[in-house]
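Hello,

Here is the structure I said I would pass on. My notes follow below it.

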Amino acid sequence: MNLLCELHMTNQNNKNRHMKQLFQTLVIILVLTGCQTQKPEQQLEHLEGYWEIKRVEILPDSVREYKYNETVDFFDLTGKEGVRKKVRPQLDGTFQVTEDSENIKIIIEDNELFIYYTTPFDTWKERVIFAKENELKIENEDGLIYHYTRYSPLNIDSEETYEKE
């Protein structure tokens, strides 16, 4: 009887060990596939358009939040060249273009996407860390990380009336 119990326990321990190994393997696969980085070409697909700064990481433990922005960054691209302009959203859904504008070139270096800016006064580059349909992260040369969300205009219907209850 004792021999039977020992065989059963050994068999059960082997099953538990195999299940544990299987579980560990699945976790490793999920972590590796979930942590894949974006390809620069995928990032480029999402760069064009209106972007609003939500926060800036100044240091790892220092973040500046933006609840409201007077201006929005507009990336206008033709291929890998274009401009970035600062625009002011208007209540009617249009934009007022400011004098702030930089010519940009998009360049892929070492499998990373960089934006090269040129003005009459300066040139610099920024690295695109992440770009999806509604989220953008860019790091400048000083290490500041800008977190953007896709700008969505204020929806104010001037013809709508409110009744008092």
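How many bridges join strand β1 to strand β2, and do the two run parallel or antiparallel? This is a predicted model, and in it β1 (residues 49-59) and β2 (residues 62-65) run antiparallel, joined by 4 bridges. The two strands form a hairpin, with 2 residues between them. Within this pairing, E57 stands opposite V63 in β2.

The largest nonpolar core has 18 residues, and F75, I115 and L136 have the most contacts inside it. At least two residues of this core come from each of α2 (40-47), β1, β3 (72-78), β5 (95-109), β6 (112-118), β7 (123-131), β8 (135-139) and β9 (145-150). In soluble globular proteins, nonpolar side chains tend to be buried together.

For F75, I looked at contacts beyond four places in sequence. Among its partners are I115 and L136, both also listed with F75 for the most contacts inside the core. F75 is also in contact with L47, E48, G49, W51, V83, R84, I104, Y117 and I138.

T98 is located in strand β5. T98 counts as buried because its relative accessibility is 12%, below the 20% cut-off. Its side chain reaches the backbone oxygen of K86 at 2.6 Å. A polar atom of the T98 side chain also lies 3.2 Å from the backbone nitrogen of D100. Leaving out residues up to four places away in sequence, T98 touches T71, K86, V87 and R88.

Regards

Technical notes. Residues are numbered from 1 along each chain as its sequence is written. This is a predicted model: local features need pLDDT of at least 70, side-chain atom pairs count only at pLDDT 80 or more; totals for chains, interfaces and linings use all residues. Side-chain values use heavy atoms; hydrogens and water are left out. Two strands pair if DSSP finds at least two bridges between them. A nonpolar core is a set of buried Ala, Val, Leu, Ile, Met, Phe, Trp, Tyr and Cys residues joined through side-chain atoms within 4.5 Å. Buried means under 20% relative accessible area, exposed over 50%, partly exposed in between (1.4 Å probe, protein chains only). Contact means heavy atoms within 4.5 Å. A polar contact is a pair of N or O atoms within 3.5 Å; within protein, one must be able to donate a hydrogen and the other to accept it, and residues adjacent in sequence count only if both atoms are side-chain atoms.
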